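Dear colleague,

I am passing on to you the structure that follows, with its sequence. Please look through it first, and then read the notes below.

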Amino acid sequence: MKKLQLVQNEPCGIRQAYCPNPQQGQRGRKERVFFALFRSASGVNALALFIICGFLLWNGAPALNWEFLTAFPRNSMTEGGIFPCIVGTLILSFGAMAVAFPLGVASAVYLNEYARSRKLVRFLRLGINNLAGVPSVVFGLFGLAFFVTVLKMGVSIVSGVLTLAVLVLPVIIGTAEEALRNVPSTYREASLGLGATRWQTIRSVVLPAAFPGMLTGAILALSRAAGETAAIMFTSAVFYTPKLPNSIFGEVMALPYHVYVLATAGTEIEKTRPLQYGTALVLVLLVLGMNLFAIWLRARLQKKL
């Protein structure tokens, strides 16, 4: 006890660790203030999400039934269901991912593993980051001008899929490149030391290790592709079609465009109000289901590594 008292009474110049530091106290107060702000921002976001989801569930749940999910719209969209819209959304979303994901991964592999010109890499990354922030309506107009008009694909599934693929490509490239950077360099060195070529190392070592992280970008891209309206309203989506598409050059209905049409261009908007909320709720649940499946797949792949 006496020894402890002697240590506490030593001058600050001799035992600095036992003396109070005003800067540390001020830094601690700043940290507490900023952490409180971060918690408040997270709480506001969570509350807003809860209110929106609760509002959609309250107004859309009464419209959900078996006929609504399996029937075609009828009677000027005031009756029937949204089955062709669900099918069209799934086709466009997974079609866009089938095109964009391999291209995005290949681009990320080139930028991270092969490109040697720093100026070229910086230029390409700047372009990718800028494309990620371009409004979706610009991609829709690009798809209309290039795929629909120049390549003469018309308003079709293939035009919409390619437009959505271009739209989500920057997100996939960015996340895939980040996943490749997170693979330890010792993996590459060990593989090359055993006599493997660079391509064999990338194919058999780097890509499997980075693939779960790449799926994060795929989840984000899938969510954006499923919920886009402006990108498909010029290229693939139509107000109504009496049958499901029978080829990639056919027109298609989609959930986001269907909500837009019911809310703005319908002849009896008030009568379609329950269908609007029900369609929006189905879109949210569909995106949530696709995301959960991708997250489950990523978790399984991570366990195998």
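**Cavities, core and chain**

Both H4 and H9 give at least two residues to the lining of the largest cavity, where helices (H or I, at least four residues) and strands (E, at least two) are DSSP runs numbered from the N terminus. This is a predicted model, in which local features need pLDDT of at least 70, side-chain atom pairs count only at pLDDT 80 or more, and totals for chains, interfaces and linings use all residues. Residues are numbered from 1 along each chain as its sequence is written, and side-chain values use heavy atoms, with hydrogens and water left out.

A cavity here is a set of points, on a 1 Å grid over the protein atoms alone, where a 1.4 Å probe fits but cannot get out, and its lining residues have an atom within 4 Å of a point. A volume is the space filled by probe spheres set on the points, which are joined across faces, edges and corners. The structure has 2 cavities of 30 Å³ or more, and the largest holds about 40 Å³ of space. Its lining consists of Thr89, Leu92, Ser93, Ala225, Ala226, Glu228, Ile232, Ala254 and Pro256, with H4 giving the largest share, 3 residues.

The second largest cavity holds about 30 Å³, and is lined by Phe68, Pro73, Met77, Glu79, Gly80, Gly81, Ile82, His258 and Leu275.

Leu92, which lines the largest cavity, is also, with Met214 and Leu255, among the residues with the most contacts inside the largest nonpolar core, a set of 52 residues. Such a core is made of buried Ala, Val, Leu, Ile, Met, Phe, Trp, Tyr and Cys residues joined through side-chain atoms within 4.5 Å, buried meaning under 20% relative accessible area with a 1.4 Å probe and protein chains only. At least two residues of this core come from each of the helices H4 (83-114), H7 (157-181), H9 (198-227), H10 (230-233), H11 (255-264) and H12 (273-304). Leaving aside residues up to four places away in sequence, Leu255 touches (heavy atoms within 4.5 Å) Ile82, Cys85, Ile86, Thr89, Thr279, Val282, Leu283 and Leu286; of these, Ile82 lines the second largest cavity, while Thr89 lines the largest.

As for the chain as a whole, its secondary structure comes to 12 helices and 2 strands, and 37% of its 305 residues count as buried. Among contacts between residues at least 6 apart in sequence, 74% join residues at least 24 apart.

With kind regards

Definitions and conventions: Buried means under 20% relative accessible area, exposed over 50%, partly exposed in between (1.4 Å probe, protein chains only). On a 1 Å grid over the protein atoms alone, a cavity is a set of points where a 1.4 Å probe fits but cannot get out, and a pocket is an open set with protein on both sides within 12 Å along at least five of seven lines; lining residues have an atom within 4 Å of a point.
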